Structure formats: structure tokens, C-alpha cells
Amino acid sequence: MVDASLVAILACPETHQPVHVADEATVTRVNAAIAAGTLHNRDGEAVGEAIEAGLVREDSAYLYPVRDGIPVMLIGEAIPLADLA
């Protein structure tokens, strides 16, 4: 999991909106879409590796994956949450 003090200082690199830790249901939906091979990041690349957690932008448009305890705060790696609807 991501340390709460780290989450408190992180922001979306694109919009500078705050981020919060994704709830378990969101992480489960993301991982199900990854397993089905239907999820793509903002760069259009298929996401092939399950996430252990995620940080959701304040407007809930994008999730930044957390892998090996490290938030991947790159615009192109963000996962559009609208794709899960």
C-alpha cells in the first residue's frame, strides 16, 4: 500500500489535482479488465500487468497504477476509468 503521507503530497502531473487511494472495488475492476485484455492506458498501450493499488485523480477520470509499492505518476501510464464503465 502507499504511505498516506506520500499520497498527501502527490498530485496529477497533468492537472495538478490531488489524488486519493483507489478503493478495493476499483482496483478489482481494473484488474479484471487487465486480465480480460481490454484495458489500455492513455498512451493507447494495453495494460498487461495487474496493479496492487492505484491513485485516483480528484475528478475520478484517471487512475495512476501502483506497482511494487511505487506510484507510477506518468501521464501516459494513467488508466482512464471511463473505460471501465
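Predicted model: local features only at pLDDT ≥ 70, side-chain atom pairs only at ≥ 80, totals over all residues.
**Stop 1: Glu-14 and Arg-42.** Select both side chains. They form a salt bridge, with the closest N and O atoms 2.5 Å apart. The pair links distant parts of the chain, 28 residues apart. Glu-14 sits in the loop between helix H1 (4-9) and strand S1 (19-21). Arg-42 sits in the loop between helix H2 (24-36) and strand S2 (53-57). Now show the surface. Glu-14 is partly exposed, at 36% relative accessibility. Arg-42 is partly exposed too, at 29%.

**Stop 2: Arg-57 and Asp-59.** Select this pair next. Their side chains meet in a salt bridge at 2.9 Å, N to O. Is Arg-57 buried or exposed? Arg-57 is buried, with a relative accessible area of 6%. Asp-59 is partly exposed, at 39%.

**Stop 3: the network.** Keep the residues of both stops on screen. Glu-14, Arg-42, Arg-57 and Asp-59 are linked in a network of salt bridges.

**Stop 4: Arg-67 and Glu-49.** Move on to Arg-67. Its salt-bridge partner here is Glu-49, and the closest N and O atoms are 3.8 Å apart. Arg-67 lies in strand S3 (residues 62-67) and Glu-49 in the loop between H2 and S2, so the pair ties together parts 18 residues apart in sequence. Check accessibility once more. Arg-67 counts as buried because its relative accessible area, 16%, is under the 20% cut-off. Glu-49 is partly exposed, at 46%.

Technical notes:
Residues numbered from 1 in each chain as written. Heavy atoms only, no water. Salt bridge = Lys/Arg side-chain N within 4 Å of Asp/Glu carboxyl O. Helix = DSSP H or I, 4+ residues; strand = E, 2+ residues; numbered from the N terminus. Buried < 20%, exposed > 50% of the residue type's maximum accessible area, 1.4 Å probe, protein only.
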